[in-house]
Each structure stands twice: as structure tokens, then as C-alpha cells.
Amino acid sequence: VYLLFQALRQISQRTISTASRRQLENKVSENQKLFQADNGLPVHLKGGAKDSLLYRTTAGLTLFGTMYTVYYLLVSSMPKKPN
């Protein structure tokens, strides 16, 4: 058990120490300009088509869920018919 633990520790250290690190470009200032621009759009839609699609999908699912809930509340509130 000890040898297994030692081997696992050695493999994990080797993987962490030899992992290559990618340098990512800092895009914060670009995003600040995009979201602070006065173009008449609400902030949740300034990201473009992807944000618009996400917003419309969320709104549609919310509307569907609300209607579904109201329907089942109405069905549940009606007395059952005797057979």
C-alpha cells in the first residue's frame, strides 16, 4: 500500500511540474469597451448573437415553465370525477 501511494505521489508531482503553461491574452480592456459602449443595448445583450440566443432561450423556458405550473395547479385544484 505504501509503495502504491509513493508511486502515485511521484506520478502526480511529475505531471504537475512538467505541465506546459499557455500564456493567455488579457482581454479585460476590450471587454470593458464593449460593455460600456453606449449603443442602446441592455448589458445582457451586448455580447452579440450568443447572448441574444441565451436570453431568448431562458425567457422561453421560463414562460413555458410558468404556464406548465399554472396548468397543473388548475388541474390539481379541480375535484376528481367519481368513476
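Q: Which backbone atom does the side chain of Asn26 reach?
A: A polar contact is a pair of N or O atoms within 3.5 Å. In this predicted model, the side chain of Asn26 reaches the backbone nitrogen of Val28, at 3.2 Å. Asn26 itself lies in the loop between helix H1 (2-17) and H2.

Q: Is Asn26 buried or exposed?
A: Exposed means over 50% relative accessible area. Asn26 has a relative accessible area of 59%, so Asn26 is exposed.

Q: Where is Lys46, and is Lys46 buried or exposed?
A: Lys46 sits in the loop between helix H2 (28-36) and H3. Lys46 is buried, yet has no salt bridge.

Q: Which side chain of opposite charge is nearest to Lys46, and how far away is it?
A: A salt bridge needs a side-chain nitrogen of Lys or Arg within 4 Å of a carboxyl oxygen of Asp or Glu. For Lys46, the nearest side chain of opposite charge is Asp38, 6.0 Å away.

Q: What lies around Lys46?
A: A polar atom of the Lys46 side chain lies 2.4 Å from the backbone oxygen of Ala37. Leaving aside neighbours within four places in sequence, Lys46 is in contact with residues including Leu34, Phe35, Leu41 and Asp51.

Q: Which residues form the nonpolar patch on the surface?
A: A patch is a group of residues taken together. Here Leu63, Phe64, Met67, Tyr68, Tyr71, Tyr72 and Val75 form a nonpolar patch, with about 770 Å² of accessible area together. One of them, Val75, lies in helix H3 (residues 49-77). Val75 has a relative accessible area of 40%, so Val75 is partly exposed.

Q: How many helices and strands does the protein have?
A: There are three helices and zero strands. Read from the N terminus on, the elements run α-α-α.

Q: What share of the residues is buried?
A: Buried residues make up 1% of the 83 residues in the protein. The accessible surface of the protein is about 8,500 Å², and carbon and sulfur atoms account for 63% of that surface.

Methods: Residues are numbered from 1 along each chain as its sequence is written. This is a predicted model: local features need pLDDT of at least 70, side-chain atom pairs count only at pLDDT 80 or more; totals for chains, interfaces and linings use all residues. Side-chain values use heavy atoms; hydrogens and water are left out. Patches are made of residues with over 30% relative accessible area and no salt bridge: like charges are joined within 9 Å, nonpolar side chains (Val, Leu, Ile, Met, Phe, Trp, Tyr) within 5 Å. Accessible areas come from the Shrake-Rupley method with a 1.4 Å probe; for residues, only the protein chains shown count as cover. Helices (H or I, at least four residues) and strands (E, at least two) are DSSP runs, numbered from the N terminus. Buried means under 20% relative accessible area, exposed over 50%, partly exposed in between (1.4 Å probe, protein chains only). Lys and Arg count as positive and Asp and Glu as negative; His and the chain ends are not counted. A polar contact is a pair of N or O atoms within 3.5 Å; within protein, one must be able to donate a hydrogen and the other to accept it, and residues adjacent in sequence count only if both atoms are side-chain atoms. Contact means heavy atoms within 4.5 Å.
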